[in-house]
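Subject: Structure handover

Hello,

My notes on what turned up follow below it.

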Amino acid sequence: MVTMGKKVDQEQSYYSDWAHIDHGVDADGRATELRPLALSRPHTQAFHLAWLSLFACFFAAFAAPPILPALRPALVLAPSDASAAAVASLSAALVGRLAMGPACDLLGPRRASGVASLVCALALALAAVYASSPAGFVALRFCAGLSLSNFVANQHWMSRIFAPSGVGLANAVAAGWANVGSAAAQVVMPLAYDLIVLRLGVPITVAWRVAYLIPCAMLIATGLAVLAFPYDLPSGCTYAGGAKGEGFWKVVRGGVSDYRAWVLALTYGYCYGVELIMENVAADFFRRRFRLPMEAAGAAAACFGVMNTVARPAGGVASDVVGRRFGMRGRLWALWAVQSTGAVLCVMVGRMGATEAPSLAATMAVMVACGAFVQAASGLTFGIVPFVSKRSMGVVSGMTASGGAVGAIVTNRLFFSSSRYTVEEAISFTGLTSLLCTLPVALIYFPRLGGMLCGPSESDTVDHDGHDDDDDVNKDDDYMLLK
């Protein structure tokens, strides 16, 4: 414990020193704005490590769908095996994210992230080596899905080192750039497979295993880089077991007992959950409906994921902008409006694909627009998450992030796992479900910040950035991110 205390003191000193030389840092050492090119700042270094590490995780998690035509004969896969494997991947993400939340609160997000990447790299490598049947394919996707637990560490880390005025943008950009890893996998994995088979003459039963060296190497490299970074938290934020001495169950209870965390988990299940569904089915959708070859279908599907480069960060920017102008009410209204628009566009994608002679260009255009809105909604969601609970931030982040996996699992089981619906019908039903599950955002309410339909009820006031205007605020009240 003494060692841990010294470690935290060193981190506090390191970050707080920047408050005296950098006007972009508050008194607690947290960055008040995101400066991606200011590489000498520890906050920027942590930001780049966080998104690169999560980029590798998304690449690994979605490495299989674009090379499914090659995996089917190699592992003797039936049509239902792909759906079962997708559910396994999403289930692993759910379990991993639920576990990662408390781990971040108790150990710190940096250590939890680095260890998770290395463990997943080992598990994925073993699964790739020994897979020889449909059960092996399910195990492969399960191991890859576990790496998505790093999303919680990513968001937790950004929420700790960025002040409320910039946390929405930081969370959104870190997650948005990382999510492009799924799009990169759609393009890189088919090309790598073809290179290994056609240029190197490797048998198809071995070639896909060699291709999996790419995600494994990425996980190892980023995991080691994150662990090598010497600092975890800015001044004023300590590991659980440090200054505050919070117990494991107290931290967990603080998150699961807050209804706002459950509402955000539900709504996130149908913005990020929609994204997970589309990234699992898009390549196969383009191959079957438009008869595209594997490489072209992967490139078409990548258009959905690549929107994360700008869409999710745009959601974070929007959350911070409307937050400064209209407070929490603005953040909530923006989330509802953007996610509802994405849901309507998702319905349109399914309807356009079901036409007798669908247009590839028009379908891709609407799919890209759908991706932009659902990904922006994800950024808007995590512009609200840090305000729910200061003490249990990791648990709330884990619950919300797990909601994305739960939404995708439920949607997959309802609409994509049987022959009852065509893929086009299933996509439309996914959009309708998203539209309905966005409505509970209206139930979220903060006594000092208000909600969608009414203003604050307490006399204590908080400015639009989430800072208290009253220095005598009750120090035990940690339901939101205070100054």
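A contact here means heavy atoms within 4.5 Å. By that criterion, residues 24 or more positions apart account for 80% of the contacts in the protein chain with a separation of 6 or more. Please keep in mind that this is a predicted model.

Overall picture

The protein chain has 483 residues, and 61% of them count as buried. Its secondary structure comes to 20 helices and 2 strands.

Helix α14

This helix has a bend in it. Where is the kink in α14 centred? It is centred on Val-281, and the angle is about 45 degrees. At 1.5 Å a residue, the 19 residues of α14 should span 27 Å. The end C-alpha atoms of α14 are 26 Å apart.

Of its 19 residues, 17 are buried, so α14 is largely enclosed by the rest of the structure.

Two positive phi values

Arg-291 is not a glycine. It sits in the loop between α14 (272-290) and α15 (294-306). Is Arg-291 buried or exposed? Exposed: its relative accessible area is 73%, and the cut-off for exposed is over 50%.

Val-76 is the other case to check. Its phi is positive too, at about 55 degrees, and Val-76 is not a glycine either. The residue lies in the loop between α4 (68-75) and α5 (79-107). Val-76 counts as exposed, because its relative accessibility is 64%.

Cysteines

How many disulfides does the structure hold? The count is 0. Take Cys-57. The closest cysteine sulfur to its own is in Cys-120, 6.6 Å away. A disulfide needs the two sulfur atoms within 2.5 Å, so the sulfurs of Cys-57 and Cys-120 are too far apart for a bond.

Burial is simple to state for two cysteines. Cys-57 has 0% relative accessibility and therefore counts as buried. Cys-437 is at 15% relative accessibility and also counts as buried. The cut-off for buried is under 20%.

Best wishes

Definitions and conventions
Residues numbered from 1 in each chain as written. Predicted model: local features only at pLDDT ≥ 70, side-chain atom pairs only at ≥ 80, totals over all residues. Heavy atoms only, no water. Buried < 20%, exposed > 50% of the residue type's maximum accessible area, 1.4 Å probe, protein only. Helix = DSSP H or I, 4+ residues; strand = E, 2+ residues; numbered from the N terminus. Expected span 1.5 Å × (residues − 1). Bend = angle between axes of the 7 residues up to and from the residue.
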